[in-house]
Amino acid sequence: MAPHDVQSEAEMAKLISKGLSVADFYAPWCGACKKFMPDYEELSANYPSAQFLKVDVDELEDMAAASEVNGLPYLIVYKNGALVERLAGKDVLKSKLAAALDAHSSADGAPPTPGKKEAAPAASAAPATAGNTAAGSDAVEFKDAGSGNAVRFAVQTTMRFSVNGEDRPCFDKMLSDGGSKLAFPTIGKAVTLPAEHKDEIIAKLVTMAARANVATEGFKLKVPTIDVSFFSCVDPNSGNTLSFYADVEAKKVQYSVNGEPRPGFTKVASDGNNRVSFTDVGKGCALPRLNLHIHIASLLSVVQKVGGQTSGFPSEVSM
């Protein structure tokens, strides 16, 4: 069966709620996505018991953000509504996806499909663009609002930037004044962010800094308004994979821990940071600090969809 094009958040939540599913997050303009698609379609024929889905990140931007899609192509494997595996960038291989499907289908007693050949590596993740901002996980570009210089930040094993195409030294600390000014004290440099796309640039830079082990201070990220019916994340304290789903019929948020269902809830309280409590069932968890503003927005959306109650959530988070 050919992969199914997902049209909405609600449809996605329903499709992944039972059995084994895999979602390919892609964009029509992404060359690496197009290169991988024949392998994806072949796997969908080899694994008829699994659902193969396609999610256009340009059409379902909020869902991609809530799923922490930070490069393309990007694959997420779900089992009974719970996120069980991610594959991104150089890991988006036919052989690796087949291995993941074998591992998670075998747990249900379904035998793996033999005789699959390893595919050639897909091209590296292609960055998306929004205005003058490169929205991929590896680089961000903008025009310095103070000097007018073209500035580009990139992450490989370290984080560095260039001005008008000229490389600047690597840095290990990035400071914000809480507004548009960024300073890099270890190399004595600074930039001014443009007003347009400022919040998007800040969110991207903080994510890149975390990947490169660059310390950040003074950053404030607004909690956006997004529309999602489910999301998954990893509790940074326990390491458990958490999945949340808005069960509109039952008027409860259903959630699972490492794929194991827990009692549904309708009341959520925040400590003003990354800890949340499900007060009507006496449970709770910690949300990841990286992209905390997106995790908070996702949880609020899921709870609101079932008419639940929320308290103590901040309108912005400090990084």
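Ser67, Ile76, Tyr78, Leu83, Arg86, Phe230, Phe231 and Ser232 line the largest cavity of this predicted model. Strand E4 (74–79), strand E5 (82–88) and strand E17 (230–234) are the elements that give two or more residues to that lining. E17 supplies the largest share, with 3 residues. The structure holds 1 cavity of 30 Å³ or more, and the space in the largest cavity is about 30 Å³. A cavity here is a set of points, on a 1 Å grid over the protein atoms alone, where a 1.4 Å probe fits but cannot get out, and lining residues have an atom within 4 Å of a point. Grid points are joined across faces, edges and corners, and a volume is the space filled by probe spheres set on the points.

A word on the ground rules. Residues are numbered from 1 along each chain as its sequence is written, and side-chain values use heavy atoms, with hydrogens and water left out. Because the model is predicted, local features need pLDDT of at least 70 and side-chain atom pairs count only at pLDDT 80 or more, while totals for chains, interfaces and linings use all residues.

Now to the helices. Helices (H or I, at least four residues) and strands (E, at least two) are DSSP runs, numbered from the N terminus. The expected span of a helix is 1.5 Å times one less than its number of residues. Here are two of them side by side:

| Helix | Residues | Length | Expected span | C-alpha end to end |
|---|---|---|---|---|
| H6 | 292–305 | 14 residues | 20 Å | 20 Å |

H2 carries a kink of about 35° at methionine 37, shortly before proline 38; the bend is the angle between axes fitted to the seven residues ending there and the seven starting there. Cysteine 33 counts as buried because its relative accessibility is 3%.

H6 is mostly covered, with 12 of its 14 residues buried. Among them are His293, His295, Ser298 and Ser301, along with Leu292 and Val303. Just after H6, glycine 307 takes a positive phi of about 70°.

What about the interior? A nonpolar core is a set of buried Ala, Val, Leu, Ile, Met, Phe, Trp, Tyr and Cys residues joined through side-chain atoms within 4.5 Å. The largest has 53 residues, of which Phe153, Met159, Met174 and Phe244 touch the most other members. Another core, of 24 residues, lies apart from it and has Val6, Phe25, Ala32 and Leu60 among its residues.

The loops have some details worth a look. Asparagine 80 lies in the loop between E4 and E5, and its phi is near 50°, a positive value in a residue other than glycine. At 46% relative accessibility, asparagine 80 is partly exposed. Asparagine 164, in the loop between strand E10 (159–163) and E11, also has a positive phi of about 50° although it is not a glycine.

Proline 169 is found in the loop between strand E11 (166–167) and strand E12 (173–176). Proline 169 is partly exposed, with a relative accessible area of 43%. Its C-alpha atom is separated by 6.8 Å from that of isoleucine 187, 18 residues apart along the chain. Cysteine 170 is partly exposed at 34%. With a disulfide defined as a pair of cysteine sulfur atoms within 2.5 Å, the count comes to 0 disulfides.

Methods
Buried < 20%, exposed > 50% of the residue type's maximum accessible area, 1.4 Å probe, protein only. 1 Å grid on protein atoms, 1.4 Å probe; cavity = no way out; pocket = protein on both sides within 12 Å on 5 of 7 lines; lining within 4 Å.
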